[in-house]
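Please open the model in a viewer and keep the selection tool at hand.

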Number of protein chains: 2
Amino acid sequence: MRIALDAMGGDHGPIEIINGAIQAVEESDLTILLVGQKEMLEPLLAETSSKVRSRLEIIAASEVITMDESPATALRRKKDASIVVATRLVKEGKADALVSAGSTGAQMASSLLGLGRISGIDRPAIATIIPTPYGGKLLLDVGANSEAKPKNLLQFALMGSIYMERVLGIKNPRVGLMNIGEESTKGNELVLGAYGLLQESPINFIGNVEGRDFFNDSVDVIVCDGFVGNIVLKFGEGLVSALYSMVKEELKNSRLAQVGAFMATPALRGMAKRLDYAEYGGAPLLGVNGVSIICHGSSKAKAIKNALQVAHQSVEQKIIKAIQENIPGKDSVRNDD
Amino acid sequence: MRIALDAMGGDHGPIEIINGAIQAVEESDLTILLVGQKEMLEPLLAETSSKVRSRLEIIAASEVITMDESPATALRRKKDASIVVATRLVKEGKADALVSAGSTGAQMASSLLGLGRISGIDRPAIATIIPTPYGGKLLLDVGANSEAKPKNLLQFALMGSIYMERVLGIKNPRVGLMNIGEESTKGNELVLGAYGLLQESPINFIGNVEGRDFFNDSVDVIVCDGFVGNIVLKFGEGLVSALYSMVKEELKNSRLAQVGAFMATPALRGMAKRLDYAEYGGAPLLGVNGVSIICHGSSKAKAIKNALQVAHQSVEQKIIKAIQENIPGKDSVRNDD
């Protein structure tokens, strides 16, 4: 299997991306197409073994789209940007999937333009695993769209359910609708409309879930519009990282506490691992007609490696075909417009 | 000052409520009107000193609205419910404020019906302090409304700004609009509409903020609709309590880690205190024509005491009058309808 990896994206530059690719190649039979500026990437591969090197191909792309560029403008101007070239490799069948830690907006736009949508899907959604004490829960949409209609939420639920079952191995996943109360009469117009559609759908819909249900064993896939999902995601990331800083800060003031914390570290490492976003790798852009995995801009090698595994798994499990076959056709969906 | 306290509300029954009232009386010059079933409350006061007892009055209310009742139906049927009687005391000028840990829906409905809205406010909002490493930030609305219009968010911002300045002592508080990006072009129709109104308003509007901005020192008051706010609030509560359970769980398996954790405890207690919701007491229902403080159903004595202090502070700082004087009249608000 061949995966196109945008080697220029991400906050840490190509070095972490390349290291992630090397780890993935070592642990699997993947071939990685490193897309980017040849003169920059070549030296970073100098010390790899010939066995690894033979499954890392550099594909030239002279330009880079940065985080602060407008995706639409950048895509128009930079025809040879790494994300554009990586997407084209998938479109032309030269790669089976694409992975990037660059500008999410550019990757979404490039995937939509380059790969198109799966028939029957009106809008794609970004699906992210939220690590919790009860394993990862899939949250979508976390930001592909800032507005949604009930039928969009239905499509997100169908795609999320298929992804959770195929790629994360949860049989008949429980799908919940993010809301502010359990009762079916709760919530805004959007979720009230979606509730009925979800009830009639073939998925394992368990009804409304609340913010706290991320942290018990009641649900596997949580559906919301990208406005709510993005806020929850960033709030959670901020809270976890604030807690880490606070613990560090408090411990600084006490030698005794430092020794104590050191003694407790091995026990707490298991917990940190369970909550580590990087363990879950990238977030699929579900609904485009090809596997496109979005990584956090701050991804280091481990997160890139795991994102490549997510791509691997998505291709192996034929996630696109599974979505195509399980989404009602355009006509049956359009009637709730 | 006299505060009506719904002595029947809350998950822990009257005992925690009464203990909170006793603590508040001991620490301030408040008189508390304990509203509820006399025969249940009287014995709980048997052992209080006469000095404390003289500032605790029992006001009879024979009925209780439970958490699982429909607020509207319950209010119609139970004319002598503790929350109804407590609200009436405020309406009739026999109490200066009301505090309850009972059904939030019943308290909202009772406050709206009994006290009415402040002129110029179309919808009230529940404002909660979110504890963060940088002190408490005020988030509103966290669930009074599941839908909002841009003008509602403007009114929430004005009320939140006044509350933060008057009751929490933050001069000229920085007000942010909860969104999924910093740029003014980001977000859904609601926040795009609100952005313009906020820019033209007299408050210290700093623009859009994201979920992670709760955890830095960029903003004091964060405005959103009640759907988003309620989800964020419950997600945060769930995450913090899940982290506590996970730490406990992990430590159970290692004696060494337990000793270590014990040694680190004093240092971490400061952090736990900084993050403790109970430290911030209750959440005001802003926009009704009287001080109505909502407590978490799970409030224990300390949270009740702090909520009584919030009520105390709100009355002392004339929060209702301050809102009345700073909200543009109906006419000037209505034009964006």
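Two strands are taken to pair if DSSP finds at least two bridges between them. The model shown here is predicted.

**First stop: the sheet of chain B.** Select Val175(B); opposite this residue stands Phe205(B) in E8(B). Strand E7 (residues 175–178) of chain B pairs with E8(B) in the parallel sense, over four bridges. Now widen the selection to the open sheet of 11 strands, whose order in chain B is E3-E2-E1-E4-E11-E10-E5-E6-E9-E7-E8, with mixed pairing. Strands E3 (56–60) and E8 (205–209) of chain B are at the edges; each has a single partner strand, so one side of each lacks a neighbour in the sheet.

**Second stop: two helices of chain A.** Select helix H5 (residues 82–91) and helix H6 (residues 104–115) of chain A, which pack at an angle of about 35 degrees with their axes 9 Å apart. The crossing of H5(A) past H6(A) is right-handed. Among the contact residues are Ile83(A) and Val84(A) of H5(A), and Ala106(A) and Leu115(A) of H6(A).

Select Phe214, Phe215 and Phe235 in chains A and B, which form one aromatic cluster. The ring centres of Phe214(A) and Phe215(A) lie 6.1 Å apart and the planes stand at 45 degrees, so this pair is tilted. Phe235(A) and Phe235(B) form an edge-to-face pair, 6.4 Å centre to centre with 65 degrees between the planes. Phe235(A) lies in helix H9 (residues 226–252) of chain A and Phe235(B) in helix H9 (residues 226–252) of chain B, so the pair joins two chains. Are these two residues buried or exposed? Phe235(A) is buried at 1% relative accessibility, and Phe235(B) is buried at 2%.

Definitions and conventions. Residues are numbered from 1 along each chain as its sequence is written. Chains are lettered from A and ligands numbered from 1 in the order in which they are written. This is a predicted model: local features need pLDDT of at least 70, side-chain atom pairs count only at pLDDT 80 or more; totals for chains, interfaces and linings use all residues. Side-chain values use heavy atoms; hydrogens and water are left out. Axes are lines fitted to C-alpha atoms, for helices over the stretch in contact, and angles run from 0 to 180 degrees between N-to-C directions. A crossing is left-handed if the near helix is turned anticlockwise from the far one by less than a right angle, and right-handed if clockwise. Contact means heavy atoms within 4.5 Å. Rings of Phe, Tyr and Trp (its six-membered ring) pair if their centres lie within 6.5 Å; planes under 30 degrees apart count as stacked, over 60 as edge-to-face and the rest as tilted. Buried means under 20% relative accessible area, exposed over 50%, partly exposed in between (1.4 Å probe, protein chains only).
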